Amino acid sequence: MTETGTVAFDLNDPDVIADPYPHYARLREHASVHHSTAPDLWLLSRYDDVVLALRDATRFSSDPGTGGDFADNPFNPSTSLPGWATRLIDRVLPTRTLLTSDPPEHTRLRKKVSRAFAPRRIAQWEPRIREITESLMDELADRAARGESVDLVRDFASPLPTIVIAELMGIPAARRDDFKRWSDHLIDGLLTGGDTRRMATSAAAISLFFARTVRQRRRHPGEDLVSLLVTPDADGVLGTMDLIVFCVLLLVAGNETTTNLVSNAVHALLDRPAVWQQLIAEPGLAAAAVEETLRYDSPGQGLLRCTTTEVRLHEVVIPAGARVLPLVGSANRDPGRWDAPDEFRLDRNSNDHIAFGVGIHYCIGNALARMEARAALETLARRAPALSRAGHPIRIPSPVLRGFRSLPIRIEP
Ligand code: HEM
């Protein structure tokens, strides 16, 4: 529970998780720099403040080791790690991921992995991504024809990014289920209050898996992304630990977020039959629907930072070493930035939302995620125009991940 001035706000309150937007509106208006005591976090809710913090990597560090004690996870305070996992983490922790490093380390890492995500390289994947969405759609239609239940998350939005990233990394289809299970366990333990022991076991399994993959690709490079990353270029090559950690990061950063983007888009469209009809009539609007979903219902609601020095914002002093949560989901609904921000509309220019972050950590997978989501919506609009709900959706119980565990749908033949 938290207090600042007259505003009480509990990030983990189920009502806030179900619909955070009215709560963000209160924060933006009455306590735009808000101190939450449990968990101990400073929440930034206005667009300008969120952008300021994300652009200022000097004062707002992404490195969990800077100042704050990140051993206590604000999004999963309930469980503790087994001793062996703590020792493993202590060994791995000095290897900063792209996401959790600051310059100059971040600059070095980002330079080395950027070529793998160059827009031209990602664009080459479009035909294959369309094939994958079509075949997932075939399976959805078959399930519906057999009278079986259809769940948009389980049967479509969740397998899509897993298959895509596994193929990009050259991982055999037979390992896809392991891949997905490990990734789910990591996300669960980190962000949704799930079992941290299971998370630690999966983290160990996935690290071992990528250690073997990296060794194999060094001996026999192919055309895949891991082979590209082990091949030296003008900027040199990543060390083994950096490579393993980056591969794990790709899985964790890309799977759940893309699934949630597709699910959030379909959820918003099911609530707005007129907009859905617009999309059916003009599938090219899928790109606008993707951008508006990213703004309206951002898959990642908040990003973690740590102050390296005392920071004064709107007469509020955030101490050095404090954990800060710039609320991207709130910034994207700020009426100071958007007209009628609570309306979902395809005719606005939502492209400059900040769902992919801002500044040096801007999402490296944004083109891939956008392409997958566009293909998913176009395929659904073309092949399942009579899409409707078939039961109650179940939300992911997390204050920072916005999406669904389950979204039952009906597909008319
Ligand atoms: C809708 C889907 C996605 C969303 C909403 C999303 C969101 C974000 C955000 C907000 C950041 C910045 C984090 C920060 O500033 O702390 C980020 C960074 C990152 N994302 Fe994504 N992401 C998505 C998909 C992907 C995909 C598909 C991949 C890769 C396969 C990916 C890989 C990464 C990586 C590696 C970073 C770290 C970049 C850096 O620190 O320089 N993301 N993402």
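Colleague: Where is Glu315 found?
Modeller: Glu315 is in the loop between β8 and β9. Strands here are DSSP E runs of at least two residues, helices H or I runs of at least four, numbered from the N terminus. This is a predicted model, where local features need pLDDT of at least 70, side-chain atom pairs need 80 or more, and totals for chains, interfaces and linings use all residues. Residues are numbered from 1 along each chain as its sequence is written, and side-chain values use heavy atoms, without hydrogens or water.

Colleague: Glu315: buried or exposed?
Modeller: Glu315 counts as exposed, at 66% relative accessibility. The cut-offs are under 20% for buried, over 50% for exposed and partly exposed in between, with a 1.4 Å probe and protein chains only. Glu315 is not a glycine, yet its phi is positive, about 70°.

Colleague: What about phi of His314?
Modeller: Also positive in a residue other than glycine: phi of His314 is near 50°. His314 sits in the loop between β8 (311–313) and β9 (316–318). Its relative accessible area is 45%, so His314 is partly exposed.

Colleague: Which residues does Ser32 touch?
Modeller: His314 is one of them. Contact means heavy atoms within 4.5 Å. Ser32 itself lies in the loop between α2 (21–30) and β3 (33–37). Ser32 has 8% relative accessibility, so it counts as buried.

Colleague: New topic. Which residues touch the most other members in the largest nonpolar core?
Modeller: Met169, Phe179, Phe210 and Leu377, out of 85 residues in that core. Helix α13 (residues 240–270) gives the most to this core, 16 residues. A core here is a set of buried Ala, Val, Leu, Ile, Met, Phe, Trp, Tyr and Cys residues joined through side-chain atoms within 4.5 Å. A second, separate core has 19 residues, including Leu44, Val51, Leu313 and Ala322.

Colleague: What is Phe179 in contact with?
Modeller: Thr162, Ile165, Ala166, Met169, Ile171, Phe209, Phe210 and Leu251, setting aside neighbours within four places in sequence.

Colleague: Which residues of α10 meet α13?
Modeller: Phe179, Ser183, Asp184, Leu186 and Ile187 in α10. On the α13 side they meet Val248, Leu251, Val252, Asn255 and Glu256. The contact divides into 6 nonpolar, 2 polar and 2 charged residues. Ala, Val, Leu, Ile, Met, Phe, Trp, Tyr, Cys and Pro count as nonpolar, Asp, Glu, Lys and Arg as charged, the others, Gly among them, as polar.

Colleague: And α14 with α17: at what angle do they pack?
Modeller: About 90°, with axes 9 Å apart. Axes are lines fitted to C-alpha atoms, for helices over the stretch in contact, and angles run from 0 to 180 degrees between N-to-C directions. So α14 is roughly perpendicular to α17. Trp276, Leu279 and Ile280 of α14 make the contact with Leu377, Leu380 and Ala381 of α17. Those residues divide into 6 nonpolar, no polar and no charged.

Colleague: How do α7 and α17 lie to each other?
Modeller: They are oblique. The angle is about 40°, with axes 9 Å apart. Under 35 degrees counts as roughly parallel, over 145 as roughly antiparallel, 65 to 115 as roughly perpendicular, the rest as oblique. By class, the contact has 8 nonpolar, 2 polar and 9 charged residues.

Colleague: Last one. Which peptide bond is cis?
Modeller: Pro103 to Pro104, with omega near 5°. Pro104 lies in the loop between α4 (83–92) and α5 (105–114).
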